[in-house]
Amino acid sequence: FKEVMLALRAIGNIGRSEVASLRLQRCFTKDDLPMDVRVAALDAYRRMPCSADRNDAMAMFRRESEDSELRNAAYLVVMKCPSDNVVSQVRDTLANEKVNQVGSFVWTHLTNLLETDSPHKQAIRDVLESELLQKEFNMDRRKFSRNTELSFFSSKFNLGATMDNNVVWSAGSFLPRSA
C-alpha cells in the first residue's frame with residue numbers, strides 16, 4: 001500500500017504523461033481499491049497536460065453516489081483545464097447538488113477563482129465571469145469542505161504570490177479527511 005501511494009505521488013510530481021493518465025484513470029475508477037489510493041490517483045493528475053482525458057473524472061464528479069472526498073478530488077482534476085463545456089457541466093451539477101460537502105467545496109472554489117489576483121488563473125476567471133452561480137451552501141468551517149485561495153499580484157513590481165488550501169470533510173467523520 002505504501003509503495004502504491006509513493007508511486008502515485010511520483011507520477012503526480014513527474015506529470016506531463018498522457019500514457020500515465022490512462023493508468024491513473026484505471027486506479028481512480030476501480031471501486032474495489034481503497035479510498036486513499038483512488039484519491040491519490042486523482043491528485044496525480046495535477047501536472048498532466050490539458051490534452052489528457054478527463055471525462056472519467058467529470059463523470060465521477062457528477063455521480064452523487066460517489067464519496068464526497070472522491071468527488072471533490074475529481075472536481076479539482078476537471079477544473080485544472082476548464083473549457084466552457086466543463087464550466088457549464090460544473091454549474092449544472094452545482095445547481096442540483098444535494099451533498100453539502102461537495103456543494104460547499106465547489107462553491108468556495110468557484111467564488112475564490114472569481115476573486116483571484118493570480119495571473120495564472122485569469123483565463124479561468126474570464127470563463128467563470130459569464131456564469132451565474134445561484135445556489136449557496138452551508139459554509140460552517142467546522143463541518144463542511146471548503147477551498148481557500150489567497151493571492152496578490154503587483155503589476156508595478158511584477159511580483160505576486162498565491163496560496164491554495166483545501167479542507168475536505170467526510171460525511172462519516174468529525175475530523176477532516178484531508179487538509
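Buried means under 20% relative accessible area. Glu149 has 9% relative accessibility, so Glu149 counts as buried. The model is predicted.

**Glu149**
- Glu149 lies in strand β1.
- Its side chain makes a polar contact of 2.6 Å with the side chain of Thr116.
- A polar contact of 3.4 Å links the side chains of Glu149 and Ser151.
- Beyond neighbours within four places in sequence, Glu149 is in contact with Asn112, Thr116, Ser118, Lys121, Thr162, Met163 and Asp164.

**Asn147**
- Asn147 also sits in strand β1, which spans residues 146–154.
- Asn147 counts as buried because its relative accessibility is 6%, and the cut-off is under 20%.
- The side chains of Asn147 and Asn166 make a polar contact of 2.7 Å.
- With neighbours within four places in sequence set aside, the contacts of Asn147 are Phe105, Thr108, His109, Asn112, Asn165 and Asn166.

**Largest pocket**
- The volume of the largest pocket is about 1000 Å³.
- Its lining has 34 residues, and Asp43, Arg46, Leu76, Lys80 and Asn166 lie nearest the centre.
- Elements giving two or more residues to this lining are α1 (2–14), α3 (35–43), α5 (68–78), α7 (100–115), α8 (122–129), β2 (159–169) and β3 (176–178).
- By class, the lining residues are 16 nonpolar, nine polar and nine charged.
- Asn166 ties two topics together: Asn166 is among the residues nearest the pocket centre, and its side chain makes the polar contact with Asn147.

Terms used. Residues are numbered from 1 along each chain as its sequence is written. This is a predicted model: local features need pLDDT of at least 70, side-chain atom pairs count only at pLDDT 80 or more; totals for chains, interfaces and linings use all residues. Side-chain values use heavy atoms; hydrogens and water are left out. On a 1 Å grid over the protein atoms alone, a cavity is a set of points where a 1.4 Å probe fits but cannot get out, and a pocket is an open set with protein on both sides within 12 Å along at least five of seven lines; lining residues have an atom within 4 Å of a point. Grid points are joined across faces, edges and corners, and a volume is the space filled by probe spheres set on the points. Helices (H or I, at least four residues) and strands (E, at least two) are DSSP runs, numbered from the N terminus. Ala, Val, Leu, Ile, Met, Phe, Trp, Tyr, Cys and Pro count as nonpolar, Asp, Glu, Lys and Arg as charged, and the others, Gly among them, as polar. Buried means under 20% relative accessible area, exposed over 50%, partly exposed in between (1.4 Å probe, protein chains only). A polar contact is a pair of N or O atoms within 3.5 Å; within protein, one must be able to donate a hydrogen and the other to accept it, and residues adjacent in sequence count only if both atoms are side-chain atoms. Contact means heavy atoms within 4.5 Å.
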